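Work through the following exercises with the sequence and the coordinates side by side.

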Amino acid sequence: EMLQRVSIRSAMARVRVLPAELLTTGQVDFEQDRLAHVTPRIPGRVEEVQADLGDRIQRGQTLAVIDSIELGQAKSADPQSQAQDELAPQNLEREEGLFAESLSSEKEMLAARAAHLEAVARLRNSEETLRLYGLAVDQIETLSYEGGQTSLLPVRSPLSGRVVEKHVTVGELVTPERRMFTIADLGHVWIWIDVYEQDLRNVHLEDDVVVAADAFPEETFSGKVSYLSAQVDADTRTVRARIDVDNPEHKLRPGMFVRVTLSDPHSDTSDGAPSLVVPATAVQRDGEELLIFLPLGNNRFERREVMVGRTAGGFTEVLSGLDSPVEVVVEGAF
């Protein structure tokens, strides 16, 4: 009656070539190419905060507004540079005409030419400063004495994503060295794994990867190996590897631990060495021992200690402890 309740099922151990797969674990991380630390371009006092932790942000969206004395001074200097740039060519033209008629000296004409070049350079420097502060070209072109210059500067997001860090409040002083926000695009993430030396032959760039997370037991996520370190860690004897994974629904989150299955498309299983394998569900652990149960008939089973090798494609390689062919318990063994 107990056997009927636990639904014990058995199957034959067989000799076969395991597919070139590697099972390991990894940790989810931000993709650094889609992560932005937002800082102000100039010092100022925070006038307004428009984004909060967790908000979805579009590229170019205003996150905060700062009041900067430097920006106000730069905006006031630009109309002066514009006026000098307009007057200098006229003065140069007049001096060149007078010099041609011998009514002024060459020194005066050269001084006017120098003043013209200086005015052009000053205007370019003023416009470049405002551009570096974050003003658009059309905003710079509309500056004038009558404009009533403002020292308010919006701090905008450089990419679309989610606010994952916020370090700013209204009224505080911020500088270019101060991080105000961190924006991350979680639609694509990295997963870091460690590959042991003996497994390196089965791992290559662009290998296909399947990722599973305990938080979503019914789902898997697909990715590819995008980076293999050129150095072996002296302590762990492993090589750091990175996997690129699409995450359109943002289910995988940085810091999450996941199970990773790597498939080696470069391996030809027909050239591999065959070995005795059993379904992976047949192998049980009791402390430090790995066990497989053999049905003997008449509701009796033999406990057999084994040594195992690789697991791939739902099968586990048995290195010692079993003969072939033999029947093993594959369901209900626990």
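## Exercise 1: A nonpolar surface patch

Task: Describe the nonpolar patch on the surface and state which element gives the most to it.

Solution. In this predicted model, the residues Met2, Leu3, Val6, Ile8 and Phe301 form a nonpolar patch on the surface, and together they have about 410 Å² of accessible area. Because its relative accessible area is 33%, Phe301 counts as partly exposed.

## Exercise 2: Strand 15 and its partners

Task: Determine which residues form the covered face of strand 15, and how many bridges join the strand to strand 2 and to strand 12.

Solution. Begin with the faces of strand 15, residues 257–263: Val258, Val260 and Leu262 make up the covered face, whereas Phe257, Arg259, Thr261 and Ser263 make up the uncovered one. Next, take the pairing with strand 2, residues 21–30, which runs antiparallel to strand 15 and is joined to it by seven bridges; here Thr25 stands opposite Arg259. Finally, strand 12, residues 208–213, pairs with strand 15 in the antiparallel sense over five bridges, and Val211 stands opposite Val260.

## Exercise 3: Salt bridges across the sequence

Task: Of the 16 salt bridges found in the whole structure, examine the one between Arg34 and Asp185 and the one between Asp208 and Lys224.

Solution. In the salt bridge of Arg34 with Asp185, the closest N and O atoms are 3.4 Å apart. Arg34 lies in the loop between strand 2 and strand 3 and Asp185 in the loop between strand 10 and strand 11, so the pair ties together parts that are 151 residues apart in sequence. Arg34 is partly exposed at 31% relative accessibility, and Asp185 is partly exposed at 24%. For Asp208 and Lys224, the closest N and O atoms are 2.5 Å apart; Asp208 lies in strand 12 and Lys224 in strand 13, so this pair ties together parts that are 16 residues apart in sequence.

## Exercise 4: The surroundings of Val168

Task: Decide whether Val168 is buried or exposed, and list the residues that Val168 touches beyond four places away in sequence.

Solution. Val168 has its place in the loop between strand 8 (161–166) and strand 9 (173–174). Because buried means under 20% relative accessible area, Val168, at 3%, counts as buried. Leaving out residues up to four places away in sequence, Val168 touches Val46, Val49, Val174, Arg178, Met180 and Phe181. One of these, Arg178, is 10 residues from Val168 in sequence and 9.4 Å from it in space, C-alpha to C-alpha.

How values were computed. Residues numbered from 1 in each chain as written. Predicted model: local features only at pLDDT ≥ 70, side-chain atom pairs only at ≥ 80, totals over all residues. Heavy atoms only, no water. Buried < 20%, exposed > 50% of the residue type's maximum accessible area, 1.4 Å probe, protein only. Helix = DSSP H or I, 4+ residues; strand = E, 2+ residues; numbered from the N terminus. Pairing = 2+ DSSP bridges. Patch = residues over 30% accessible without salt bridge, like charges linked within 9 Å, V, L, I, M, F, W, Y side chains within 5 Å. Areas by Shrake-Rupley, 256 points an atom, 1.4 Å probe, with all protein chains shown as cover. Salt bridge = Lys/Arg side-chain N within 4 Å of Asp/Glu carboxyl O. Contact = heavy atoms within 4.5 Å.
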